[in-house]
Amino acid sequence: MPDVTPTPCPACQGRLYPKLLRCADCGLEVSTRYGGNEFADLEPEDLHLLRIFVLCEGRIRDMESALGVSYPTVKSRLAALRARLGLTSDAPKDKAGEGAPKQTKPEPATVQDVLDQLADGTLTYEQALPKIRALRGSAGKR
């Protein structure tokens, strides 16, 4: 697989942009300044993580075995990748959905609901722990 890490300019270390596309079959050449995207600047390790994510259809448990690391490590790597992509808000940026009302999950009613939301990334560990404690505390008082 080709290395897609951006090559720095040898003169100023700025980012080089592709300018020419050439068809290997007919020789047609198209020359312009092509824009990049957020994935073009990722390191090979991050691209590998994305490939595994897609291959495993986002199931972190499957990613554990594919990567040979623990669940918290997968979550940590995904969080770091999300930050590098600038997707640090709780909701994904979706231009098609702009202006539409945001769908929010209901407050978890059981510990399993909290664990499910933790697994799908809706809640962070820091958000889930007090919810679990509150649910366990309220269950004992009923």
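Mentor: Contact here means heavy atoms within 4.5 Å. Leaving aside neighbours within four places in sequence, Val114 is in contact with Pro108, Leu123, Ala128, Lys131, Ile132 and Leu135. Keep in mind that this is a predicted model, where local features need pLDDT of at least 70, side-chain atom pairs count only at pLDDT 80 or more, and totals for chains, interfaces and linings use all residues. Residues are numbered from 1 along each chain as its sequence is written, and side-chain values use heavy atoms, with hydrogens and water left out.

Trainee: Is Val114 buried or exposed?
Mentor: The general idea is a set of cut-offs: buried means under 20% relative accessible area, exposed over 50%, and partly exposed in between, with a 1.4 Å probe and protein chains only. Val114 counts as buried because its relative accessibility is 0%. The residue lies in helix H4 (residues 111-119).

Trainee: How many helices and strands does the chain have?
Mentor: Such elements are DSSP runs numbered from the N terminus, where helices are H or I with at least four residues and strands are E with at least two. The chain has five helices and two strands. Read from the N terminus, their order is β-β-α-α-α-α-α.

Trainee: What do the totals for the chain look like?
Mentor: Of the 142 residues in the chain, 18% are buried. Accessible areas come from the Shrake-Rupley method with a 1.4 Å probe, and for residues only the protein chains shown count as cover. The chain exposes about 11000 Å², and carbon and sulfur atoms supply 56% of that area. Among contacts with a separation of 6 or more, 31% are between residues 24 or more positions apart.

Trainee: At what angle do helices H2 and H3 cross?
Mentor: Axes are lines fitted to C-alpha atoms, for helices over the stretch in contact, and angles run from 0 to 180 degrees between N-to-C directions. The axes of H2 (residues 60-67) and H3 (residues 71-84) cross at roughly 100° and come within 9 Å. That makes H2 roughly perpendicular to H3. As for the labels, angles under 35 degrees count as roughly parallel, over 145 as roughly antiparallel, 65 to 115 as roughly perpendicular and the rest as oblique. On the H2 side, Ile60, Arg61, Met63, Glu64 and Leu67 meet Tyr71, Val74, Lys75 and Leu78 of H3.

Trainee: And how do I read the charged pairs?
Mentor: Side chains of opposite charge can pair when their charged atoms come close. The rule for a salt bridge is a side-chain nitrogen of Lys or Arg within 4 Å of a carboxyl oxygen of Asp or Glu. The count by this rule is five salt bridges.

Trainee: Which residue forms a salt bridge with Asp46?
Mentor: Arg84 does, with the closest N and O atoms 2.7 Å apart. This pair links distant parts of the chain, since Arg84 is in helix H3 and Asp46 in helix H1 (residues 44-55), 38 residues apart. Asp46 counts as buried because its relative accessibility is 8%.

Trainee: What about Glu29 and Arg22?
Mentor: Their side chains meet in a salt bridge at 3.3 Å, N to O. At 46% relative accessibility, Glu29 is partly exposed, whereas Arg22, at 56%, is exposed.

Trainee: Which residues are linked in a network of salt bridges?
Mentor: Those are Glu57, Arg59 and Asp62. In the bridge between Glu57 and Arg59, the closest N and O atoms are 2.9 Å apart. Glu57 is exposed, with a relative accessible area of 61%, while Arg59 is partly exposed at 42%.

Trainee: Where does Glu57 lie, and what is its phi?
Mentor: Glu57 lies in the loop between H1 and H2. Its phi is near 55°, a positive value in a residue other than glycine. Gln13, also not a glycine, has a positive phi of about 70°. Gln13 is found in the segment before strand S1 (20-22).

Trainee: Last one: which residues form the nonpolar patch on the surface?
Mentor: Patches are made of residues with over 30% relative accessible area and no salt bridge, joining like charges within 9 Å and nonpolar side chains (Val, Leu, Ile, Met, Phe, Trp, Tyr) within 5 Å. Here Leu21, Leu28 and Val30 form the patch, with about 270 Å² of accessible area together. Val30 lies in strand S2 (residues 29-31) and counts as partly exposed because its relative accessibility is 39%.
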